[in-house]
Amino acid sequence: MKHTEAAVAKLVAEHRISEDVAAELHAALASDAPHSVDEGRHKLVAEIIGYLGAALVVVAVGLVIGSRWAAWNSVTRQAVLVVVAVGLLAAQHAIGTATDTKRRLAGVLGTAAIVPAAAWPGVGLLPPINERVWPWVAFAVAVWSYSRARTLLGNAGMVVTSVIVVTMMISQVRWNNETGIMGAAFVALGSAWLVVAAREFVDEPEMSAFAGAALVLLGSQMPIMEWGGSYPLFAIAAVIAGALIYSYLNWLRKFPVLAAGVIGLGIVCGETVYKLTGGNVFGAALGMLVAGVVMLVVSLRIIRQTKQEGAA
């Protein structure tokens, strides 16, 4: 408001507008500002009330179902879960996405529908089929919900359910090196989410980039946890970390990707030094400390020189 008034005064001083026009502008600003502030505050209060109302509805439904669950047979339980899931998705559709407030509220309801929808196969199907089906149902509902209302919460729901799908699929098969295979699967899944972020298939690419980079980093370390420290595994983890840094430089300029690559290389360096020294890492750690300080100094000098060249 003050900046706008100063701009109007400057225009008057430069004789670009008359005093009468300036007076009209001041009057318009004085009448519109409180109204806009109040309107924004009312929208925020309405959104908070909507979130609280949605939370209360979901919690209340959960409590009602929980209190009667033991007395219901399998058919009744399935029907209740389906009705709740469909009701939440219908409420999401009814609210719509006409405004950002409605879109966020619809996203909350749609994401909440994942839980009863995923619980239905656990009640309606027999083991081990139910364990193979419910993760896919959860992921399908998460994708459907996000397609109806694109929100950060919905994006997170897709990431979480995709991780559950991969984890449950691998756990259903007896592998000799399950942790190592899980790590490779996490690297593949994380890479897929990096592609989603790079191609902007979602409206929150930062979220997908963070999730993808974290999954790749975690997956690169899981074989080391399973089989113990070995130089080939260290080399593979280093290559994966280097690929993240390369992706940041040439493909996906999101900071979580760079952070995961740098952290991955740092972890590999520490693991390699520990392996080489047999646990006696004091001298090697001092060397790494000196090298790290030198690299930081060089980095700061390069940044400063780049700024000076840009200013010139």
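Of the 312 residues in the protein chain, 30% count as buried. This is a predicted model, where local features need pLDDT of at least 70, side-chain atom pairs count only at pLDDT 80 or more, and totals for chains, interfaces and linings use all residues. Residues are numbered from 1 along each chain as its sequence is written, and side-chain values use heavy atoms, with hydrogens and water left out.

Q: How do you know that the secondary structure of the protein chain has zero strands?
A: Helices (H or I, at least four residues) and strands (E, at least two) are DSSP runs, numbered from the N terminus. By that count the chain has 12 helices and zero strands.

Q: Why is Lys 254 called buried?
A: Buried means under 20% relative accessible area, exposed over 50%, and partly exposed in between (1.4 Å probe, protein chains only). Lys 254 has a relative accessible area of 19%, so it is buried.

Q: What makes Lys 254 and Glu 206 a salt bridge?
A: A salt bridge needs a side-chain nitrogen of Lys or Arg within 4 Å of a carboxyl oxygen of Asp or Glu. Here the closest N and O atoms are 3.2 Å apart, and the pair forms a salt bridge. This pair links distant parts of the chain: Lys 254 sits in the loop between helix H10 (231-250) and helix H11 (255-277), while Glu 206 is in helix H9, 48 residues apart.

Q: Is Asp 203 called buried or exposed, and why?
A: Its relative accessible area is 51%, so Asp 203 is exposed. Asp 203 also forms a salt bridge with Arg 150, their closest N and O atoms being 3.6 Å apart. Asp 203 lies in the loop between H8 and H9 and Arg 150 in the loop between H6 and H7, so the pair ties together parts that are 53 residues apart in sequence.

Q: Why is Arg 150 called partly exposed?
A: Arg 150 has 32% relative accessibility, so it counts as partly exposed.

Q: What makes a group of residues a nonpolar core, and which members touch the most others in the largest one?
A: A nonpolar core is a set of buried Ala, Val, Leu, Ile, Met, Phe, Trp, Tyr and Cys residues joined through side-chain atoms within 4.5 Å. The largest has 31 residues, and Met 158, Val 166, Phe 186, Leu 189, Trp 193 and Leu 215 touch the most other members. Its largest share, six residues, comes from H8.
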